[in-house]
Amino acid sequence: PLVTPTRVRPTATADSPPCSPMFALVAAVHAAPSFDAVAELEAAKIEIAKLREEALSFKAVASEREALFSSAPIPEPLVTPSFKSVQPGVFDISGMAYLGGDSIAGDPIIAGGDGKFLAVHDAKPKEDSDLSSGDPFTRVSMFMLPKKEEKDATDGLEGGLMHLEFTDLAFPDPPGIITGHRSTDLESVARIPGTNLVLLCESGNSADKACNATRADRDHGLPDPTWRYDATASKTDPTFCETPPPRIYVSEVTAGEKPTVTIKQEIYWTEFYPGWVNPNGSPANKTSSGVPMNVEATAVGKWPAPAPGAPDLYVFLWAERESTTIHYTDLVLDANNTVSIGRPGGFDSKSFALPPPMNQTLNRPVVSLDVDDSGGIYAAAAYDTDVGDFGPYNSAVYTIGELTFHPEFWGFPIVEIYPEPKMFAEVNGFKVEAVARADKVPVNMYYDGEASAVSGPMTFLGTDDENYGGTLRPINLTLADLEHDEL
């Protein structure tokens, strides 16, 4: 490139003649620092050379990448994406009871029970036979509420609602009937207050049906896993397995580091509830099948001892799911923790009414019962289409009565059932089958507090949403105008 030389003009001296005004202006301009075009041009040339070098380098890398991807296909993912169950292992909750809350002299009745629930699942023998593995469905499990510190420690990736399955729990076979040590349709759990005993209760709905345990495994005394349920089997067939009358299993529970459930005793419903009868109307005996009942709700309540040193007074309550009638009778716990249910004269019954529209939208008015520490009686109701297992479902939880004393005869306990439910919570979209009142839930299991603090009474529900699985959640109940609440 051409560079125009700078013309240097002579400056005025003492001997020089004075400059003209125009000449003085031009001289002043040229006296200022001049623009060094040569230096700027050289700097630009260096910058251009750098850019050209970077462009050539980028082009070389691009050529290498193009050669690489043109000669080899993009590798397939190492693991093919697939759907996974949202509810692994938790198929339903058909009944549950809280294991914490009460204590003696500051020591918990069930150590480690705070924040934990014992739950049952309504598996039936014929459903076990549908499993390709041959392993039976779990009948009993324990749930533990989420803990704040576990969620915080893992940024919410771990923790949450936890459950433990008691897969090795064996249920006794009644005389002359092979069940494969499996229960049939457990639908409710009732804890005996102030003890470590719970009642695991069968409903009776699946009685008089064939089960899947026709041949015993000689090595383990378990059913032959190769046998499959045959709905066409005849009761005259020597290989037919008869489901026994429904039972209540009195079980001892621990909830520490290694939770256990041990069946200590069995009680037949037929011992105190003649509603379960033979086809001819006569009371059924312990080893015969009769007209099925369908008890899905049970609970045990306790009144304070009427006098110092006197034994506690317990009451056993139950209801069939299509009825608003609550039955109740005495429950006695002797010094050896042996349980007996019933009394001379049988049992008493009281009913409540569901106002519209609840009486039209909830076709199972009592699917669960519980009695809290203050004597309040809670119940759950549900709507089920009975057509398939996809819903939609609807449920409600309400208070229906209380344990109290006769106002004129102190010390005479009574079961009061309200004419209509008082407190109410709607649970739309879920099929509730369990309600449990829980006192002294650790604060770190329901609020951002310290584990040493505890809650007041809370209400929890468990659901059996069939093909959608099951879950456990806390809820609030409020006073409501049931006649005008929309369901």
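**Strands, loops and aromatic rings in a predicted model**

Three strands form an open sheet, ordered S21-S22-S23, with antiparallel pairing; strands are DSSP runs (E, at least two residues), numbered from the N terminus, and two strands pair if DSSP finds at least two bridges between them. Strand S21 (432-438) and S23 are the edge strands, each with a single partner, so one side of each has no neighbour in the sheet. On average, neighbouring strands of this sheet are turned by 30 degrees against each other, direction ignored; the axes are lines fitted to C-alpha atoms, and angles run from 0 to 180 degrees between N-to-C directions. The structure is a predicted model, in which local features need pLDDT of at least 70 and side-chain atom pairs count only at pLDDT 80 or more, while totals for chains, interfaces and linings use all residues. Residues are numbered from 1 along each chain as its sequence is written, and side-chain values use heavy atoms, with hydrogens and water left out.

Within the sheet, S22 and S23 pair in the antiparallel sense over 4 bridges. Leu461 stands opposite Arg473 in S23. The loop between strand S22 (458-463) and strand S23 (472-475) contains Thr471. Thr471 counts as buried because its relative accessibility is 12%, where buried means under 20% relative accessible area, exposed over 50%, and partly exposed in between (1.4 Å probe, protein chains only). The side chain of Thr471 makes a polar contact of 2.7 Å with the side chain of Arg473. A polar contact is a pair of N or O atoms within 3.5 Å; within protein, one must be able to donate a hydrogen and the other to accept it, and residues adjacent in sequence count only if both atoms are side-chain atoms.

Thr463, in strand S22, is buried at 1% relative accessibility. Beyond its neighbours within four places in sequence, Thr463 is in contact (heavy atoms within 4.5 Å) with residues including Asp92, Ile93, Phe430 and Thr471. The C-alpha atoms of Thr463 and Gly95 are separated by 8.7 Å, although these residues are 368 apart along the chain.

Phe430 also connects this account to Tyr393, which touches Phe430, Lys431 and Asp465, among others, when residues up to four places away in sequence are not counted. Tyr393 and Phe430 are 37 residues apart in sequence and 5.1 Å apart in space, C-alpha to C-alpha. Tyr393 lies in the loop between strand S17 (376-383) and strand S18 (394-405) and is buried, with a relative accessible area of 4%.

Elsewhere, strand S8 (residues 197-202) has 6 of its 6 residues buried, so it is largely enclosed by the rest of the structure. Leu197, Leu199 and Cys201 point one way from S8, and Val198, Leu200 and Glu202 the other way. S8 pairs in the antiparallel sense with strand S7 (residues 186-191) over 5 bridges, and with strand S9 (residues 247-254) over 5 bridges. Glu202 is the bridge partner of Leu186, whereas Cys201 stands opposite Ile248 in S9. S7 and S8 form a hairpin with 5 residues between them, and Gly194 in the turn has a positive phi of about 80 degrees.

Finally, Trp269, Phe272, Tyr273, Phe316, Trp318 and Phe347 form one aromatic cluster. Rings of Phe, Tyr and Trp (its six-membered ring) pair if their centres lie within 6.5 Å; planes under 30 degrees apart count as stacked, over 60 as edge-to-face and the rest as tilted. The rings of Trp269 and Phe272 have centres 5.4 Å apart and planes at 40 degrees, so this pair is tilted.
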